[in-house]
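Please read the numbered points with the model in view.

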Amino acid sequence: MVKITDVARRAGVSPSTVSYALSGKRPISDATRRRVQAAVRELGYRTDDGGRSRSGARAKVLALAVPMRPGIHVPVVTQFAVSVVTAARARDHDVLLLTQGEGDEGIGRVTETGLADGVIVTDVQLQDPRLPLLRSCSLPSVLIGVPAEADGLTCVDLDFRAAGELCVDHLAGLGHRTVALVGSPPEVYVRRTAFARRLVEGFTAAAGRHGLASMALPCGTGRDAARAVAERLLRDLPALTAVVVHNEPLVDPLIEAFEQLGMRVPGDLSLTAVCPAPVAAAARVPVTSVAVPAAELGARAVHLLIRKLSGAPVPGTTLLPPRLTERASTAPRGH
């Protein structure tokens with residue numbers, strides 16, 4: 001069976017460009033359109049590939065696009081996947097996992113073969129390369145994440161900007177005047193992952209609003225990376241008394257690194273995190289945190305997608321408000 005990705009490869013364009021050229025939904029140059037049409041003829045591609053689309057029957061399958069990219073923390077990905085599978089099974093749907101790291105070939109393949117009725121997309125970037133295909137193809141979709149331009153899309157996520165602000169507000173309320181953000185691995189910011197960028201925006205905005213000295217640094221994972229970032233922060237911000245962590249596997253190594261450098265948590269340094277609640281509660285010092293509600297996000301995404309499949313109206317963007325749980329890792333400045 002010839003797929004849209006085969007046509008794209010033959011024509012030297014992206015699957016979304018093929019979709020646009022065939023549907024007429026976006027302007028395509030005459031030269032590109034001719035290349036696509038020639039590839040369609042040469043390969044014998046048919047836009048209607050079978051009885052499912054003509055009969056209206058459904059596969060009762062939802063696709064879940066979980067690209068396994070550098071900087072992805074697999075346990076968090078697993079939480080999202082389990083939540084989607086659980087919610088889908090409760091609605092009598094199976095889940096097809098798409099793990100291709102980049103591009104839109106997996107989504108294009110599912111669209112053309114009818115393997116799934118809709119797709120849930122994760123690890124959304126501000127300028128996500130999958131968006132043109134999602135906007136142009138017939139496959140209903142829901143994004144867990146919000147791109148820079150969300151018009152015409154259905155999105156759900158934690159309000160990460162508000163989460164960054166909430167952590168800083170809490171620390172400022174305890175009297176801290178110098179704060180740092182230890183963020184996700186560098187490659188997450190390089191590809192402009194939406195949730196990571198928005199949390200930095202919230203952190204920076206709140207620090208400015210409170211008049212705090214601040215710094216935001218990306219960080220890899222592991223004890224060596226934690227030690228290096230702790231040393232740099234204490235060197236560049238000698239008055240540092242508060243840290244926000246947005247890097248789940250770094251929570252314990254970072255507490256350990258600061259303690260080895262003579263900074264007791266919370267006696268000398270208050271620490272908050274944006275991470276799943278079990279990680280924060282199980283840390284060597286239980287951490288005040290804003291929970292990443294993976295289970296709720298997955299369930300909401302499935303609910304929205306099922307509604308779209310039924311033809312019911314859905315909101316464009318749903319942002320879950322952050323909730324901060326105080327634990328032992330924060331204390332008033334100088335406590």
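1. Strand β10 (residues 288–291) pairs with β12 over two bridges, in the antiparallel sense. Two strands are said to pair if DSSP finds at least two bridges between them. Across this pairing, Val290 stands opposite Leu324 in β12. Helices (H or I, at least four residues) and strands (E, at least two) are DSSP runs, numbered from the N terminus.

2. The model is predicted: local features need pLDDT of at least 70, side-chain atom pairs count only at pLDDT 80 or more, and totals for chains, interfaces and linings use all residues. Residues are numbered from 1 along each chain as its sequence is written, and side-chain values use heavy atoms, with hydrogens and water left out.

3. β10 and β12 belong to an open sheet of six strands with mixed pairing, in the order β7-β6-β8-β9-β10-β12. Its edge strands, β7 (213–217) and β12 (324–325), each pair on one side only. Helix α11 packs on this sheet, touching β6 and β7, and its direction makes about 155 degrees with that of β7. Helix α12 also packs there, touching β6, β8 and β9, at about 160 degrees to the direction of β8. Axes are lines fitted to C-alpha atoms, for helices over the stretch in contact, and angles run from 0 to 180 degrees between N-to-C directions.

4. How many residues of helix α12 (residues 251–260) are buried? Seven of its 10 residues are buried, that is, under 20% relative accessible area (1.4 Å probe, protein chains only). Among them are Val251, Leu254 and Phe258. Their cover includes β6 (178–182), α11 (223–236), β8 (242–245) and β9 (270–275). Gly262, which follows α12, has a positive phi, near 90 degrees.

5. A further open sheet has six strands in parallel pairing, in the order β2-β1-β3-β4-β5-β11. β2 (94–98) and β11 (317–320) stand at the edges with a single partner strand each, so one side of each lacks a neighbour in the sheet. Neighbouring strands of this sheet are turned by 20 degrees against each other on average, direction ignored. Five bridges join β1 (residues 61–65) to β2, and Leu64 stands opposite Leu97 in β2.

Methods
Buried < 20%, exposed > 50% of the residue type's maximum accessible area, 1.4 Å probe, protein only. Contact = heavy atoms within 4.5 Å.
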